[in-house]
Each structure stands twice: as C-alpha cells, then as structure tokens.
Amino acid sequence: MSPASKARPVRPVRPVSPATSSRFHAFDLLATLVTVLRADGSVLFANAALEDALGFSRRTIEGSSFADFFTEPHLVQNALDGAQSNEFAALRYDAFLKRATYDPLPVHVIVAPAEEPGEIIIELLPQEQQARQDREERLIDQAQANKELIRNLAHEIKNPLGGIRGAAQLLEMEIDSRDLIEYTQVIIHEADRLQSLVDRLLAPHRRPHVVGDVNIHEVCERVRSLIVAEFPRGLKVVRDYDTSIPEFRGDREQLIQAVLNITHNAAQALAERIAAGDAQITLRTRVARQVTFGKQRYRLALELHVIDNGPGVPESIKSRIFYPLVSGRDGGSGLGLTLAQTFVQQHHGLIECESSPGRTDFKLLIPLP
C-alpha cells in the first residue's frame with residue numbers, strides 16, 4: 001500500500017465555514033505545522049505549512065480525522081482525551097506523520113487546549129527543524145556569552161598589561177647593559193602584542209555601526225579581489241550570484257570584514273589543494289523566502305554561501321568554531337569567525353556551518369526588506 005493511500009482520511013469530511021478559516025488565518029504565517037481540532041478529533045483548521053508537509057490540499061485535510069495521518073493514531077487519541085479532561089496544560093511526545101508521496105516524517109507533537117471550549121491546538125515540529133532551531137538558539141546564546149566574556153576579560157587584561165609595559169620602559173631607562181636591554185625589549189614587544197590582541201577582541205564592540213545601503217554583490221566582489229590578490233595561483237574563486245537580490249540597510253565595512261574572514265579562513269584551509277592547483281571557493285547568493293532563524297520569521301532573507309572544497313572543519317572543534325580563540329590552524333588567532341558572527345548578528349542575522357571532507361559551507365543569513 002502506498003504512503004498516499006495510508007495517509008488518506010477515512011472518516012467523512014465535515015465542511016469548514018469561511019468564518020472559521022478566517023479566524024485562524026494568522027496560523028498561515030507560521031513556519032511550524034499547526035492544526036486546530038474539534039473535540040472528536042476532526043480537523044477544524046490546518047495551516048499552509050501542514051498542508052505542504054502532508055501533500056494534501058486543505059480541503060482534504062479539514063473535516064477529516066487527524067489521527068489517521070499518523071502511523072500510531074492511538075497516541076493522538078490518547079492526547080486528545082487528556083486535553084479534553086484537562087489532565088495537562090500541554091502534552092509533548094514524538095510521532096511519525098504520514099505523507100502523500102514521501103516516507104513518514106518524524107515530528108515533535110505539542111497538544112494544548114485552545115481558548116475556545118471544545119477546540120484543541122496541535123503544533124508539529126519536524127525533528128530536523130527542531131534540531132536546527134535548537135542549534136540556532138545555542139549560537140545566539142553562545143555569541144552573547146562570548147561578547148560578555150570578551151569585554152570583561154579584555155578590560156581585566158588591559159590595566160595590568162599597561163603597568164607591565166610601563167615598568168619595563170622605566171627599567172630600560174635605568175639599565176646600561178645592552179644585553180639586559182634586550183630583555184626589557186622582549187617584555188615591551190610582548191606587551192604590545194597582547195595589547196593588539198585585546199584591541200582586536202574589543203574592536204566590534206567599540207566601532208560604531210555605520211548604516212547605509214548595501215549591495216551584497218559589491219561586498220562579494222571586494223572580498224573576491226582581495227583573496228585573488230593574495231592567492232593568485234592554484235585557487236579559483238567562483239561567482240554564483242542571484243542578481244535580483246535587493247539592496248538592504250547595513251554596515252558595508254562590517255559585512256566585508258565578516259565575509260573576508262570566512263573566505264580567508266577557507267583559502268588558508270585549502271593550502272594543499274592550492275599547491276595541487278585545484279582549490280576552489282564559491283561565493284553564492286540566493287533569496288530565501290518565509291524563513292525562520294534567530295527565533296523570528298522573515299518574509300525574505302539573504303543567503304550568502306562561502307563554499308570550499310577543502311578538508312573540512314576538524315571534528316574536534318566543529319561545535320566550537322565560533323568560540324573566541326578557537327582555531328584549527330597553527331598560528332591562527334581564533335578571532336576571525338567570532339568577529340564574523342558578531343558582525344552578522346549586528347545585522348539581525350546568523351552564520352551557520354556545515355562541513356565534511358571535501359566540502360565546507362558557511363551560510364550567512366540576513367533579513368531583507
């Protein structure tokens with residue numbers, strides 16, 4: 001028996017009035033799958049996301065038994081019974097949703113009584129989507145924690161560092177031996193190096209956010225020219241642009257720095273392929289529609305991909321690549337991706353990474369007007 005025949009409702013369809021559909025119209029704006037059921041388990045309303053996921057028209061779904069769309073319908077019925085008897089404020093469990101032309105979809109089910117008596121709201125979160133939302137929330141929380149850590153640590157370092165440098169300078173003035181002066185010079189040089197590192201840590205929080213009209217392809221072309229100038233042989237930088245992407249308000253210099261940091265990291269990771277002459281970085285721009293990230297839903301968003309054919313991010317640091325001072329390269333400062341994430345988040349966006357040997361994809365998401 002095909003999935004479509006398994007998922008097709010078996011109860012007679014009860015018509016839904018236009019007034020009822022309009023009452024739940026706001027649910028169509030949600031990316032999650034939402035349905036409103038009657039007390040008997042029949043569908044009173046199904047939003048557009050659920051319609052797309054099931055592969056059936058709204059007319060087919062509404063009025064039918066919602067339990068028939070699950071591989072284990074008794075779980076849904078048990079949840080409905082509990083909701084009607086007010087046994088819980090909200091019930092959560094995992095299940096498999098049958099679809100017309102695909103394999104069953106693993107979902108996290110949230111069942112809660114509606115405000116109207118005799119109505120029950122069910123929200124379905126695809127497991128993959130739930131994992132993605134959890135990952136995004138961790139990135140945002142992590143970035144905020146990094147920001148506070150960097151600020152506090154940098155300020156704690158600056159004061160004693162200035163004292164060490166000043167003491168070394170005074171000591172140097174009292175020393176006659178050239179050999180001993182070399183030691184004070186080492187102290188001063190290392191203090192300056194640490195001061196430079198602290199300044200770089202604080203840079204994104206000090207610099208004002210200069211907002212203007214940004215053309216993302218001008219940003220990409222600037223980054224491309226810098227990378228090609230530094231790696232003139234063995235590296236091919238491919239353009240894959242959607243030229244219909246509109247301009248948006250943002251800080252052009254911050255975005256150039258963010259994209260440059262990611263692209264430069266990719267070029268450095270491609271050292272062996274550059275030597276072999278087959279290294280490639282692709283700058284790809286696309287428009288994403290009706291996307292949710294950073295706990296908000298956007299009608300349009302920019303997707304900027306920086307894709308390379310390098311060895312991939314080491315497994316040991318894959319979950320920590322946006323942490324400050326974490327680097328997969330000897331001699332790396334571990335600040336490039338941290339600063340890039342900070343700059344993009346200042347544009348209400350987010351950077352995600354998917355990496356495996358032979359392909360690493362950094363995706364920048366920024367809301368569009």
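## Close-up views of a helix and sheet arrangement

**View 1. Helices H8 (residues 216–230) and H9 (residues 252–269) pack at an angle of about 40°, with their axes 9 Å apart.** Helices (H or I, at least four residues) and strands (E, at least two) are DSSP runs, numbered from the N terminus. Axes are lines fitted to C-alpha atoms, for helices over the stretch in contact, with angles from 0 to 180 degrees between N-to-C directions. This is a predicted model, in which local features need pLDDT of at least 70 and side-chain atom pairs count only at pLDDT 80 or more, while totals for chains, interfaces and linings use all residues. Residues are numbered from 1 along each chain as its sequence is written, and side-chain values use heavy atoms, leaving out hydrogens and water. H8 passes H9 in a right-handed crossing (the near helix is turned clockwise from the far one by less than a right angle; anticlockwise is left-handed). To find the contact (heavy atoms within 4.5 Å), look on H8 for Glu218, Val219, Arg222, Val223, Leu226, Ile227 and Glu230. On H9, look for Arg252, Glu253, Leu255, Ile256, Val259, Leu260, Thr263 and His264. By class, the contact of H8 with H9 has 8 nonpolar, 2 polar and 5 charged residues (Ala, Val, Leu, Ile, Met, Phe, Trp, Tyr, Cys and Pro count as nonpolar, Asp, Glu, Lys and Arg as charged, the others, Gly among them, as polar).

**View 2. H9 also meets helix H11, which spans residues 336–345.** The axes of H9 and H11 come within 9 Å and cross at roughly 145°. H9 passes H11 in a left-handed crossing. From H9, Gln254, Gln257, Ala258, Asn261, Ile262 and Asn265 take part. Their counterparts in H11 are Gly336, Leu337, Leu339, Ala340, Phe343 and Val344. This contact of H9 with H11 divides into 7 nonpolar, 5 polar and no charged residues.

**View 3. Five strands make an open sheet in the order S7-S9-S10-S12-S11.** The pairing in this sheet is mixed (two strands pair if DSSP finds at least two bridges between them). Strands S7 (235–240) and S11 (350–356) stand at the edges with a single partner strand each, so one side of each has no neighbour in the sheet. Neighbouring strands here are turned by 20° against each other on average, direction ignored. H8 lies across S7, S9 and S10, running at about 170° to S7. H11 lies across S11 and S12, at about 140° to S11.

**View 4. Strand S10 (residues 296–308) is mostly covered, with 10 of its 13 residues buried.** Buried means under 20% relative accessible area (exposed is over 50%, partly exposed in between; 1.4 Å probe, protein chains only). On one side, 12 bridges join S10 to strand S9 (residues 279–293), and the two run antiparallel. Here you can pick out arginine 286 opposite glutamate 303 in S10. S10 is also joined by 8 bridges to strand S12 (residues 359–367), again antiparallel. In that pairing, valine 306 stands opposite phenylalanine 362 in S12.

**View 5. Strands S11 and S12 run antiparallel and are joined by 7 bridges.** Serine 355 stands opposite threonine 360 in S12. Stepping back to the whole chain, there are 11 helices and 12 strands. Of its 369 residues, 44% count as buried.
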